[in-house]
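Subject: Structure for your review

Dear colleague,

Please find below the structure that I am handing over to you.

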Amino acid sequence: MASRIFISYSSVDQKEADMLADALDNIGVEYFLDKKNISWGDDFTEQIMIGLSECAAVIVILSLASTKSQWVPFEIGHAMGRKKTILPYLTHPSLDVPSFLQRFQHVTSVDSIVKHFLQPKYHNRAEEGSEIEVDADKD
């Protein structure tokens, strides 16, 4: 299984995505983030599809903006079609979760995401350079 985490978000939530990326960097978890992995002149859709195919899971930053985005549901749909683990991160606990994501356990803080990936079953593999298998067990 792939070792990279794909971060799906609305561009309005760039600050939140950057905070998440920094947190993942700090604990040694590889991730795909459009502004990091897609260069000027690249075919954006093609690079998104490659990023999704190479990831083990998708962290979806859910916000009011992402629920109105065209790209976030596109990315989630492709990830679900590829049987990737979906890890919803709600930026506000009162946000209405879209119906197609309601079946997935969610978290409401970057700290919860970090704690999830610091569990021995993930962290030891990341330190050893092994592939990270992601499951959606509740923290």
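I begin with a charged pair in this predicted model. Lys-35 is exposed, with a relative accessible area of 51%, because the exposed class starts over 50%. Its partner in a salt bridge is Asp-18, and the closest N and O atoms of the two are 3.0 Å apart. Asp-18 is partly exposed, at a relative accessible area of 23%. Asp-18 belongs to helix 1 (residues 14-26) and Lys-35 to helix 2 (residues 34-37), so the pair ties together parts that are 17 residues apart in sequence. A search of the whole structure finds one salt bridge.

The next site is the second largest pocket, with a volume of about 170 Å³. It is lined by 13 residues, and those closest to its centre are Tyr-9, Ser-10, Ser-11, Asp-34 and Trp-71. Two or more lining residues come from each of strand 1 (4-8), helix 3 (44-53) and helix 5 (71-81). Strand 1 gives the most, with three residues. By type, the lining holds six nonpolar, five polar and two charged residues.

Finally, please look at Leu-90, which is found in strand 4 (residues 85-90). Leu-90 counts as buried, at 1% relative accessibility. Which residues is Leu-90 in contact with, leaving aside its neighbours within four places in sequence? They are Leu-62, Leu-95, Val-97, His-106, Val-107 and Thr-108. Of these, His-106 is 16 residues from Leu-90 in sequence, while the C-alpha atoms of the two are 6.8 Å apart in space.

Yours sincerely,
A colleague

How values were computed
Residues numbered from 1 in each chain as written. Predicted model: local features only at pLDDT ≥ 70, side-chain atom pairs only at ≥ 80, totals over all residues. Heavy atoms only, no water. Helix = DSSP H or I, 4+ residues; strand = E, 2+ residues; numbered from the N terminus. Buried < 20%, exposed > 50% of the residue type's maximum accessible area, 1.4 Å probe, protein only. Contact = heavy atoms within 4.5 Å. 1 Å grid on protein atoms, 1.4 Å probe; cavity = no way out; pocket = protein on both sides within 12 Å on 5 of 7 lines; lining within 4 Å. Points joined across faces, edges and corners; volume = space filled by probe spheres on them. Nonpolar A, V, L, I, M, F, W, Y, C, P; charged D, E, K, R; others polar. Salt bridge = Lys/Arg side-chain N within 4 Å of Asp/Glu carboxyl O.
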